[in-house]
Each structure stands twice: as C-alpha cells, then as structure tokens.
Amino acid sequence: MSEKLINLKVITPVNVLFEGEAKSFIVKTRGEVGEFAVLADHIPMTAAVGNGILVINLPDGTVKKTTLFCGYCVVHNNSAVIIVEAGEKPEDIDFERAEEAKRRAEERLRGGEGIDKNRAEQALYRSIARLELYKGK
Amino acid sequence: MADSMRDIKRRIKSVTSTKQITHAMQLVASAKLRNARTKADARRAYTNYVIETMHMISGALEREEPSAFFKPNGIEKDLYIVVTSDKGLAGGFNSGLLKFTAEAMKQSKEAAVIVSGAKGLDYFKRRNYEILGSYIGESDEANLGVANSIGKAATTLFLDGKVGNIYIMYNRFVSVISQKPTMIKLLPLSREELSEKADEIDTETAIGEYKPESGIFGSEPAKNMIFEPSANYLANMLIPSYIDNAVYGALLESAAGELASRRMAMENATDNADEIIADLSLAYNRARQGAITQEITEIVSGANAIG
C-alpha cells in the first residue's frame, strides 16, 4: 500500500529551508497555538507558528529538523507551506551565540521592572529552540 | 622640454592609478549587484505566499472585528520612510529621490521621516525635518534586521497614534541603467487592497513580468479553512510582517539600484580615464619627438659650425 504524502515547503524571506515530500511533520513551538502535527489528508488549516522546532518525517524514515521563528503554516489539499520570518538547519546554528543570548534573556527577565518582557521572552524562546536543536542533532 | 615631459609622465601615472580604483569599484559593485538580485528572487517567492495568505484571510475577516491597521487614525502628521544610500559616487541616485520626496511631502500638512542611508540623513538634518529614526551603514547590503526594525518602528508609531499615513520612498530598480524614484503607501491598509493587492514594491512583480508558481492553493480555492487561533489573530500577526517585508523589499530594490548606479558611474569614470591616458600619451610622444628633433638639430648645426 502506498502511503499518502504531504508536499511540504518551508520558506523564509532569504531562502527555502525545505522543499519536498514528507510523511508527516510536527511543529513544536511555544506560542498561541502550541504543538501540532500534520499528517496526510489533514483538513484545510492556517495556524500561527511561534518560536520553536519543526520535525519533518521523510518518506524514507529519516527525520529532518529545523528551527522556526514566528510565522504561520498553511495546510491545504495535502500540500503545506510554512512561512516564517527566520529559521535554520542544525548545521547553521551558532551554539555559543545562542547560549549567550539565552543567558542575556534570562538576566533581563529576572531584572523585572522596566523591560520589554515580551521581547525578552521571545529572545529566550528563540535561544532555547536553537540550543535544543543543536544538542539533539 | 624635459620638464613638461616629466609632468605629463606624472599625470599619466596618477590617472592610471585612479583608473585602477574606479575599475575595482566597478567590479565590486557588479558582484554585489548579483548578490542583491539573488536576495530579491528569494524575497519575491516569500512575498508571493504572504500576499496569497492575506487575500485568503481577508475573506474570513469579514465576520470578525476589523483590525486597527485598516482604520485611518485621523492624525495629520505623515511618516515618510526614505531609503537612500550611505555613500556617494553613484550618479544622481540620491538627489533624484530626495527631490522626489520633497515634492511628495507637500501633500502632507506635517511630515516626519525615518531615513535609511547617510546621504538622506544629512539632507533631512540640514533642512531640520523631524527625524524619527535613522539607519546607517548597510545601504548596499539590504539587511533583513534593519528592515524589521524600520517596519516595527513604523507600525508602532501608527498604532500609537503618532502618525497618520505611512509612505515608503525608494529607488525602484527598473534595469541596470535606470532607477525610478517610487512612492508606496504602507498604512493604513484598505480592505479591498488586502484582498486584491499584489506586491507593489518589487519591480518584476509590479510590471507583471513575474509570474508566480501555482502558489499554495493551486487552481483550487481554499474551502472550509480553519484558523488557529483565529483569523483576526493571524491578520494582526501577518500585517506587521507584511510591512516589514515591504520595507525589506524596498531596501533590496534600493541596494540593487545603488549598486547599478555606482557601476555605471564607475564604468564611465574608467572609460574617461582611458581617454585621458590616450590623450596624455599622445602629448607625451609629441613632446619626446620634439625633444629628439631639437637635439639632432643642435648636434647637426654644431657639426656644421665646426666643419
């Protein structure tokens, strides 16, 4: 029995992060929507995507991961497009920079008053996503 | 005679080294231009998806509260985002745009600016304009981070009721030999625009040369689409990112225009240097010939006097 596949495309303003067929994909992000997985024959949906990780299950059984930062995902007729402001493959992650960013964001959040809490939180989530992906590869 | 020969030689040397510099700048501009065009291609594909999604969401929005981005806020001060270059040596690239902007500002009762590029900043500072932000240092690179902070600043000013209309002024990259000052309104958006509008920033899309691929939905319109968490939430997220993206597009067009303009200017300078060198070489050879003839005449007349 041949399995149904999803035609997936992940794009940012500067490049195409992934283009090809997938058995399923999971968007693991912190945000309004949270985690969700999409399999073939999913109903048409447009969903917000926060900061986090995308896991793509390829037809040959391998798994591909990228980070996702802020955007949305459109699923329609077994094709899906994830449109995000930024994202990167594990090999493009700068580990030290991400750690530094996490430390700074935590410091700012602890600082309490007079900070842009939302911005610091976003920065923290971004750095956590990068670190998770970097360690998991 | 010997003096003038030395002078000419010195000038040839100096013009030759100037020519090397202009030629190098021409090559650098060509390489960077290619890079900027590649970036513009990537953005075009991305923007096409963003716009397609906006069209789709605008249909669903009818049932919900209209978003703040659609409502004119009644403020009389307009914001102009002006995209210029940091460096000169690019022909009439900046002066053309700045003249165009000054003309356009006459329609606003009050005007404030956000400037990208040192040339524009100098211009508006000298004329005492209200400058709400300036970004310097990367005009020929079209930095995405810079575009996002300009976009965020402008969106915030609009939502906080500090400015009324927001326009972006930039040089559109029509071709390598032609850039056109262009003005595009970013905010407030109109509903109709949101459901029909195509990307106006990018030249190829604007003149209809770019034919998008089948897009997200192919030939089939989306039916029974569900929105997570809601269409309004998505619109409020999508519109600021659309604004950021429009600014990024303008920065890219402007960078390509600046580089093309500089390449042309430097090509002309190099050609001009070649001409000067040819003229000077001719003058040098004449002077040299004159000196030799004179020496021979002196020797011959000397020999005649003895003989």
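**Figure 1. The two domains of chain A.** In this predicted model, chain A is divided into domain 1, residues 6-86, and domain 2, residues 91-136. Taken over C-alpha atoms, the centres of these two domains of chain A are separated by 22 Å. Eight residues from domain 1 of chain A and eight residues from domain 2 of chain A take part in the contact.

**Figure 2. The side of domain 1 of chain A that touches domain 2 of chain A.** Strand 5 (45-57) and strand 6 (63-76) of chain A each supply at least two residues of this side. Strand 5 of chain A gives the most, with four residues. By residue type, this side of domain 1 of chain A divides into two nonpolar, four polar and two charged residues.

**Figure 3. Length and end of helix 4 of chain B.** Helix 4 of chain B covers residues 144-159. Its 16 residues should span 22 Å at 1.5 Å a residue, and the end C-alpha atoms are 22 Å apart, so the two values agree. After helix 4 of chain B comes Gly161(B), which has a positive phi, near 75°.

**Figure 4. The buried residues of helix 4 of chain B.** The buried residues of this helix are Leu144(B), Ala147(B), Asn148(B), Ile150(B), Gly151(B), Ala154(B), Thr155(B), Leu157(B) and Phe158(B). What do the buried residues of helix 4 of chain B pack against? Their partners in chain B are strand 1 (77-83), strand 2 (110-116), strand 3 (130-135), strand 4 (166-175) and strand 5 (178-187), together with helix 7 (231-306).

Methods
Residues numbered from 1 in each chain as written. Chains lettered and ligands numbered in written order. Predicted model: local features only at pLDDT ≥ 70, side-chain atom pairs only at ≥ 80, totals over all residues. Expected span 1.5 Å × (residues − 1). Buried ≥ 20, exposed ≤ 12 C-beta atoms within 10 Å, placed from the backbone. Contact = placed C-beta atoms within 7 Å. Domains from an automatic or database assignment. Nonpolar A, V, L, I, M, F, W, Y, C, P; charged D, E, K, R; others polar.
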